[in-house]
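These are my notebook entries on a structure that I have opened for the first time. I record what I looked up, entry by entry.

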Amino acid sequence: MTNDKMTVWITRKLSRATEDRAERDYKVILNPEDRVYSARELIEGSRHCDAILPCHSEKFTREVVAKLSDRVKIVANHSVGVDHCDLDAFEERGIMVTNTPDVLSDATAELTFMLLLCAARRAGEGERLVRSGNWDSWGPNLMVGKQTTNKRLGIVGLGRVGQVVAKRARGFDMEVHYFSTSQKSSNIEEGAIFHESLDSLLEVSQFLSLHCPSTPQTKGIMSAEKFSKLPDGAIFINAARGDLVDEEALISALKSGKLAAAGLDCFRQEPGGNPELAELENVFMLPHIGSATVETRDAMGFRALDNIDAFFGNKKPGDRVA
Ligand code: DGY
């Protein structure tokens with residue numbers, strides 16, 4: 001098999017560099033209008049390609065995977081998260097699935113820190129006040145927030161992104177604690193304190209940030225019971241996945257003062273978010289843009305293409321997840 005005979009379907013509008021490289025090496029079907037395809041369109045479109053290069057916006061449920069054309073041999077995701085793909089169904093169909101780890105860790109950790117700081121220092125409220133033209137007085141009690149210095153940051157999942165967040169946190173003089181499926185080696189921990197249970201981590205986390213994937217085991221991991229274990233006035237950050245969180249429980253915790261604030265880049269409903277969260281002043285929100293930098297978008301596209309190149313070049317793609 002040679003590349004130039006293969007057709008790659010890129011289901012969303014990607015970076016210019018990614019699309020140029022794909023067109024150099026493959027026959028390519030693009031989506032210049034950047035429409036999100038329905039299940040029916042994914043199934044129909046699969047008849048015309050050998051590889052699909054989708055984003056997390058395309059939902060490959062068991063039903064969709066069952067009906068994909070036999071022609072499709074690889075789904076090379078432009079995302080590190082693969083919760084939009086039924087991996088068991090792909091395994092059963094013998095269609096390879098890859099993701100894009102590593103290349104978005106810095107961008108996502110950077111945005112995590114932005115959420116953390118903006119939530120802690122009430123940046124959303126402040127920005128809205130100045131922008132509204134209603135900022136008519138200043139006093140020492142105006143928008144007093146929380147400081148990171150010497151505070152404990154709890155990280156759920158010390159994987160690639162979690163590790164970069166921990167590194168950034170050290171620069172802000174935070175003490176890093178974490179809960180992961182297993183204790184990491186000391187060169188990864190770099191002084192971070194391991195907790196054998198999530199509850200034990202929650203009890204010490206003045207700031208808590210989620211960095212685990214969404215799996216059947218982690219969905220809804222932040223329930224009312226878990227929020228109640230945090231210290232009063234904690235700050236909650238989520239730049240991982242919306243379905244890790246019971247949003248009703250989050251809203252109650254934000255309203256009661258159990259949480260001082262939250263910084264969120266992910267929601268159960270995307271796009272759109274949660275209108276009830278949007279009513280709360282102490283929530284700083286962004287529209288799932290953790291990896292949205294020029295550098296990282298190119299790197300994600302290139303990583304997905306590297307996986308396709310390896311596959312059609314009869315090599316093992318580095319990022320196989322199914
Ligand atoms: C990811 O890579 O999983 C990000 O959420 C963007 O899709």
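Which residue has a side-chain N or O atom 2.7 Å from an oxygen atom of the ligand? I found that the residue is His288.

**Basis of the entries.** I note that this is a predicted model, in which local features need pLDDT of at least 70 and side-chain atom pairs count only at pLDDT 80 or more, while totals for chains, interfaces and linings use all residues. Residues are numbered from 1 along each chain as its sequence is written, and side-chain values use heavy atoms, with hydrogens and water left out.

**Ligand.** I listed the residues that surround the ligand, with a heavy atom within 4 Å of it: they are His56, Ser79, Val80, Gly81, Leu104, Arg241, His288, Ser291 and Met300. I then looked up the oxygen atoms of the ligand. One is 2.8 Å from an N or O atom in the side chain of Arg241, and one is 2.9 Å from a polar backbone atom of Gly81. Of the 230 Å² of accessible area that the ligand has on its own, the protein covers 89%; such areas come from the Shrake-Rupley method with a 1.4 Å probe.

**Glu270.** I turned next to Glu270, whose side chain makes a polar contact of 2.6 Å with the side chain of His288. A polar contact is a pair of N or O atoms within 3.5 Å; within protein, one must be able to donate a hydrogen and the other to accept it, and residues adjacent in sequence count only if both atoms are side-chain atoms. A polar atom of the Glu270 side chain also lies 2.7 Å from the backbone nitrogen of Phe267. Leaving aside residues up to four places away in sequence, Glu270 touches His56, Asp265 and His288, where contact means heavy atoms within 4.5 Å. I located Glu270 in the loop between strand 11 (259-264) and helix 12 (275-278).

**Helix 11.** I examined helix 11 (residues 247-256), where Glu247, Ala249, Leu250, Ile251, Ala253 and Leu254 are buried. These buried residues pack against several elements, including helix 10 (224-229) and strand 12 (283-285). Helices here (H or I, at least four residues) and strands (E, at least two) are DSSP runs, numbered from the N terminus.

Terms used:
Buried < 20%, exposed > 50% of the residue type's maximum accessible area, 1.4 Å probe, protein only.
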